[in-house]
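Subject: The structure we talked about

Hi,

Here is the structure for you to open alongside this note. Could you have a look at it first and then read on?

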Amino acid sequence: MAVNLITHDIRNGMIYRQYLATSDSEIERMVENAQRAIKDWSKASISSKQKILRRVSEKLLFEQERIIEAEVSESGKFRDDAISDLYAASKMWEMAAEILDDQNPDAVNSKSKLMDGYELNTPVGVVAMITPSNYPIIVLSERLPFALAAGCAVIAKPSEFTPTSTLIVQQICHQCGVPPEIFAVVIGDGVQSGSKLVSNKLINMVSFTGSTATARDIVSKIDPISVRTSFELGGKNSAVIFEDADVEKACESIAYAATINGGRACIAISRIVVHASIISDAEVLLKQNLIKRLAANRTLNETDLPQPISESHIKKLNSWVDTALKLGAREILITSNKKSQIAPRIFSNLSPFVPLFSEELFAPYLTLNSFEKYEEAIEIANAGNYGLAGYCWTKSGTISDRFSRDIYAGRIWINSDMRRMNIRLSIGGFRDSGNGRELGVDAIKRYTASRTVIG
Ligand code: NAD
């Protein structure tokens with residue numbers, strides 16, 4: 001049997017799994033089958049879909065060891081993080097079942113009488129769902145159960161580095177009653193298989209989570225008039241510490257949010273903006289907390305931090321650091337001298353034009369800037385084109401309200417970080433971070449198209 005997709009255990013470089021990549025003709029067949037099967041699936045009763053979604057939620061926990069092992073090996077996560085991802089994913093499937101009848105009776109195929117008509121929410125159709133390497137099961141579960149609940153069919157394409165947990169979810173879905181034509185998985189890389197899938201003329205919606213550069217490539221291959229898109233992309237996320245903040249708590253929190261998943265999280269903090277009056281305290285506390293976090297990881301795990309999947313990413317980061325240093329950046333914390341390892345670092349004195357300041361780093365690297373006036377803080381925090389997450393530390397409700405309106409971010413944490421999550425609130429970004437929204441009470445509705453019926 002020909003084998004043409006090999007994944008690795010990135011902790012030791014050994015081969016983890018070998019798969020046959022999905023051929024172009026198989027992708028075409030999958031999409032055609034999905035278009036045919038959707039007619040029945042979209043008519044399935046709410047209670048039958050709820051049963052299936054709840055079974056999947058339970059079975060994910062039952063099969064947790066296989067899933068956790070795949071996520072730890074292929075994406076290099078820490079086991080504890082993989083466990084919490086799995087539990088969160090299971091909750092998302094349960095939530096999809098709940099909101100099918102819960103508080104949103106309009107969501108699927110039901111009528112709300114207006115004066116002389118009603119709106120019918122019908123499934124968007126066949127969704128191409130492309131997911132990234134850093135959070136395979138979470139990203140899939142933020143989308144898939146809601147699309148299925150809406151009556152859509154989904155063809156998922158996981159990252160070529162981390163396909164195994166998605167294949168396990170596929171197996172679970174089929175065992176729990178999702179017809180195989182309604183949820184299928186394409187195995188392959190992005191350039192060949194991903195492009196082939198999104199450019200198929202029978203695809204009605206592209207739900208893409210990944211980098212902004214890939215999203216631009218996808219946009220060039222689809223017809224934006226007839227294909228609905230939902231893009232959840234990268235971020236360059238700032239944390240502003242205002243003069244009145246609890247600096248100790250802020251720095252503990254920032255160190256956590258900068259190093260989560262080794263910094264390979266779309267919402268990880270990477271730019272810190274601190275009021276000039278407290279910058280020296282913040283500098284010391286940030287250093288202490290990052291070192292503490294590294295030490296805690298050493299105690300819990302075999303490695304210091306989860307490591308990046310690709311050599312090319314390490315090379316890109318090293319070149320960005322070299323450029324910044326050449327242009328006058330100052331390195332105020334370095335926790336490892338190994339060029340092959342990505343460990344926490346802090347830089348200050350950065351030119352706003354260097355990629356280290358403006359680009360998504362996907363590493364536990366922080367840049368530090370100071371400000372005097374509120375407007376200056378916002379200008380630094382909003383610099384560049386991303387708009388995913390924002391963090392602010394202040395005791396003033398007036399300042400935090402103002403910040404929430406001024407920062408370009410779809411998710412804002414006030415005096416806290418991603419350890420506080422609520423899947424009943426939506427997620428998504430602005431600008432180069434994408435146009436999509438997922439989760440929240442409208443999670444199912446996003447995969448429907450409304451029709452107005454009058455008569
Ligand atoms: P990536 O863009 O390299 O790949 C993402 C997916 O797209 C993979 O499945 C890949 O195979 C596929 N792909 C690549 N080229 C393609 C093409 N030309 N056509 C179609 N598909 C293609 O991203 P990655 O490195 O896997 O993931 C990291 C990125 O994802 C970061 O930018 C991160 O911020 C972002 N991300 C965003 C969110 C969010 O919710 N906003 C969540 C997780 C990750």
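Predicted model: local features only at pLDDT ≥ 70, side-chain atom pairs only at ≥ 80, totals over all residues.

Residues are numbered from 1 along each chain as its sequence is written, and side-chain values use heavy atoms, with hydrogens and water left out.

**Overall**

The protein has 14 helices and 18 strands (DSSP runs numbered from the N terminus: H or I of at least four residues for helices, E of at least two for strands). Its C-alpha trace spans about 65 × 60 × 40 Å along the principal axes. The radius of gyration is 23 Å, which agrees with the value near 23 Å for a compact globule of 455 residues (taken over C-alpha atoms; the rule is 2.2 Å times the number of residues to the power 0.38).

Of the 455 residues, 56% are buried (under 20% relative accessible area, with exposed over 50% and partly exposed in between, using a 1.4 Å probe and protein chains only). Looking at contacts (heavy atoms within 4.5 Å) between residues at least 6 apart in sequence, 72% join residues at least 24 apart.

**Helix H4**

Helix H4 covers residues 79–101, and its end C-alpha atoms are 35 Å apart, in agreement with the 33 Å that its 23 residues should span at 1.5 Å a residue (the expected span is 1.5 Å times one less than the number of residues). Its buried residues include Leu-86, Met-92, Trp-93 and Ile-99, and also Asp-85. Among the elements covering the buried residues of H4 are helices H2 (46–62), H3 (64–75), H5 (136–149) and H6 (164–175), along with strand S17 (437–439).

**Two loop residues**

Thr-22 sits in the loop between strand S2 (14–19) and helix H1 (24–41). Its relative accessibility is 11%, so Thr-22 counts as buried. Leaving aside residues up to four places away in sequence, Thr-22 touches Ile-27, Met-30, Val-185, Val-186, Ile-187 and Ser-193. Thr-22 and Leu-5 are 17 residues apart in sequence, and their C-alpha atoms are 9.6 Å apart in space.

Asn-200 lies in the loop between helix H7 (190–198) and strand S7 (205–209). With 15% relative accessibility, Asn-200 counts as buried. Its contacts, not counting residues up to four places away in sequence, are Glu-28 and Val-31.

Best wishes
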